[in-house]
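User: Hi! Could you walk me through a protein model I have open? I'm new to this.

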Amino acid sequence: MSSKRIPRVGVGGPVGSGKTMLIEQVVPLLAAKGYNIGIISNDVVSKEDAERMRKNLATERGLMPEDLVIGLATGGCPHTAVREDPSMNLSVVEEMETKYGDLDLIIIESGGDNITTTFSPALADYFIYIIDVTGGDKYPRKRGLGIETCDMLVINKIDIASIVGADLSIMERDAKIVRGDKPYVFVNSKKGQGVEEVANHITKYVLFDQPPRAITPRANQ
């Protein structure tokens, strides 16, 4: 085991909400600051999201070694693997900590079909929950553990809000009511709009503005 625990961010949300694309936008911003990052992607059967991130972030852009993007086929509800019994994910985290002592951050992605996704505090230090406007502007006020308890709520696909009839001002009003002082951010992950704010929150509240462990980011071998 490494002598220092690597900070971990959980990214959860419904299928199709934009978790993978958000990660693909955030990682380059953090890598540009010199941070080394590992990714664990949970799914029921396939490892499609992990393969996509490995191709886009590791193979093509060299932002991390390919074996630092790991896909887990949980065989059941991914919620369980990050909440009730996170042992499978913790085992991979421990592997990463042992093999890559200069990692600054591990991002753990997990999807689901509802608004109850949360991460065990034993697994994630900071929890980002992402929804999108296609669920309608009523989404934030439907509450649910993910929306209410996450450290940061991300509302994605704002570029198509008018097309699907979602009023962003209503979503903002309800997010404030439901979440109180907890942060939320509107983004268009496809174009990177608003994503810098997410990266800045991670830098400040997870990495505590500490400099990267390695002097320079590790390129793909």
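Analyst: Happy to; we can go through an arginine, a helix and some aromatic rings. Keep in mind that this is a predicted model.

User: What does arginine 8 touch, leaving out residues up to four places away in sequence?

Analyst: Its contacts include Leu90, Val93, Glu97, Ile106 and Tyr126. Leu123 is also one of them, and a polar atom of the arginine 8 side chain lies 3.4 Å from the backbone oxygen of leucine 123.

User: Nice. New topic: which residues of helix H2 are buried?

Analyst: In H2, residues 48-59, they are Ala50, Met53, Leu57 and Ala58. Looking down the helix axis, these buried residues fall within an arc of 85 degrees, so they line one face of H2.

User: Now the rings! How many aromatic pairs are there in the whole structure?

Analyst: A search finds 3. One of them joins phenylalanine 119 and phenylalanine 127: the pair is tilted, with 5.3 Å from centre to centre and 50 degrees between the planes. Phenylalanine 119 is buried at 9% relative accessible area, and phenylalanine 127 is buried at 6%.

User: Why is the pair of tyrosine 184 and phenylalanine 186 called edge-to-face?

Analyst: Their ring planes are at 85 degrees, so the pair is edge-to-face, with centres 6.1 Å apart. Both tyrosine 184 and phenylalanine 186 are buried.

User: Which residues do ring pairs link into a cluster?

Analyst: Phe119, Phe127 and Tyr129.

How values were computed
Residues are numbered from 1 along each chain as its sequence is written. This is a predicted model: local features need pLDDT of at least 70, side-chain atom pairs count only at pLDDT 80 or more; totals for chains, interfaces and linings use all residues. Side-chain values use heavy atoms; hydrogens and water are left out. A polar contact is a pair of N or O atoms within 3.5 Å; within protein, one must be able to donate a hydrogen and the other to accept it, and residues adjacent in sequence count only if both atoms are side-chain atoms. Contact means heavy atoms within 4.5 Å. Buried means under 20% relative accessible area, exposed over 50%, partly exposed in between (1.4 Å probe, protein chains only). Helices (H or I, at least four residues) and strands (E, at least two) are DSSP runs, numbered from the N terminus. The arc is that of the directions from the helix axis to the C-beta atoms. Rings of Phe, Tyr and Trp (its six-membered ring) pair if their centres lie within 6.5 Å; planes under 30 degrees apart count as stacked, over 60 as edge-to-face and the rest as tilted.
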